[in-house]
Amino acid sequence: MNAPDRYERFVVPEGTKKVSFEKDTKIMNAASFTIEREDHTIGNILRMQLHRDPNVLFAGYKLPHPLQYKIIVRIHTASQSSPTQAYTQGIDDLDKELEILKQAFEDEKNRFEERMKQGY
């Protein structure tokens, strides 16, 4: 078949940046970030996180083509912030939230295992 190998969906080719940045030349404080080897999962989570930032005027993403394994995230911010700052803050905030979720899951798993040892 002509379908690409499965590993091409998540392995970033050598010499390719995971994230590239392109400033918008027509709109102040707007830029696009191309994220290689990601899909709707990361695009939607990042978009929603960016919407929580009061300095972000617009945040959206698109998947250019189903066989191109990348997303393009577009960010437009107010003058107090830059798209790069908003992107970095969004990623950092998501990292913290996922760490909290991971810890809560592990705590619950440990409580469950403890109850099983006690014969519940």
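Asp92, Asp95, Glu99, Glu106 and Asp107 form a negative surface patch. Patches here take residues with over 30% relative accessible area and no salt bridge, joining like charges within 9 Å and nonpolar side chains (Val, Leu, Ile, Met, Phe, Trp, Tyr) within 5 Å. Asp and Glu count as negative, Lys and Arg as positive, with His and the chain ends not counted; the charge sits at NZ of Lys, CZ of Arg, CG of Asp or CD of Glu. Areas come from Shrake-Rupley with a 1.4 Å probe, and for residues only the protein chains shown count as cover.

A quick note on the ground rules: this is a predicted model, where local features need pLDDT of at least 70 and side-chain atom pairs count only at pLDDT 80 or more, while totals for chains, interfaces and linings use all residues. Residues are numbered from 1 along each chain as its sequence is written, and side-chain values use heavy atoms, leaving out hydrogens and water.

Helices (H or I, at least four residues) and strands (E, at least two) are DSSP runs, numbered from the N terminus. Glu99 is partly exposed at 44% relative accessibility, where buried means under 20%, exposed over 50% and partly exposed in between.

Now for the salt bridges, meaning a side-chain nitrogen of Lys or Arg within 4 Å of a carboxyl oxygen of Asp or Glu. The count is six. Take Glu97 and Arg52, whose closest N and O atoms are 2.6 Å apart. That pair reaches from helix H2 to the loop between helix H1 (40-51) and strand E3 (56-62), 45 residues apart. Glu97 is partly exposed at 36%, while Arg52 is exposed at 55%.

Further along, Glu108 bridges to Arg111 at 2.9 Å; both lie in helix H2, three residues apart, about one turn of the helix. Glu108 also meets Arg115, at 3.9 Å from N to O, so Glu108, Arg111 and Arg115 are linked in a network of salt bridges.

What about the rings? There are two aromatic pairs, with ring centres of Phe, Tyr and Trp (its six-membered ring) within 6.5 Å; planes under 30 degrees apart are stacked, over 60 edge-to-face, the rest tilted. Phe21 and Phe33 are tilted because their planes stand at 55°, with centres 5.2 Å apart. Phe21 is in strand E1 (residues 19-23) and Phe33 in strand E2 (residues 30-36). Phe33 also stacks with Tyr87, at 4.4 Å and 10°, so strand E2 is tied to helix H2 across 54 residues of sequence.

Technical notes
Buried < 20%, exposed > 50% of the residue type's maximum accessible area, 1.4 Å probe, protein only.
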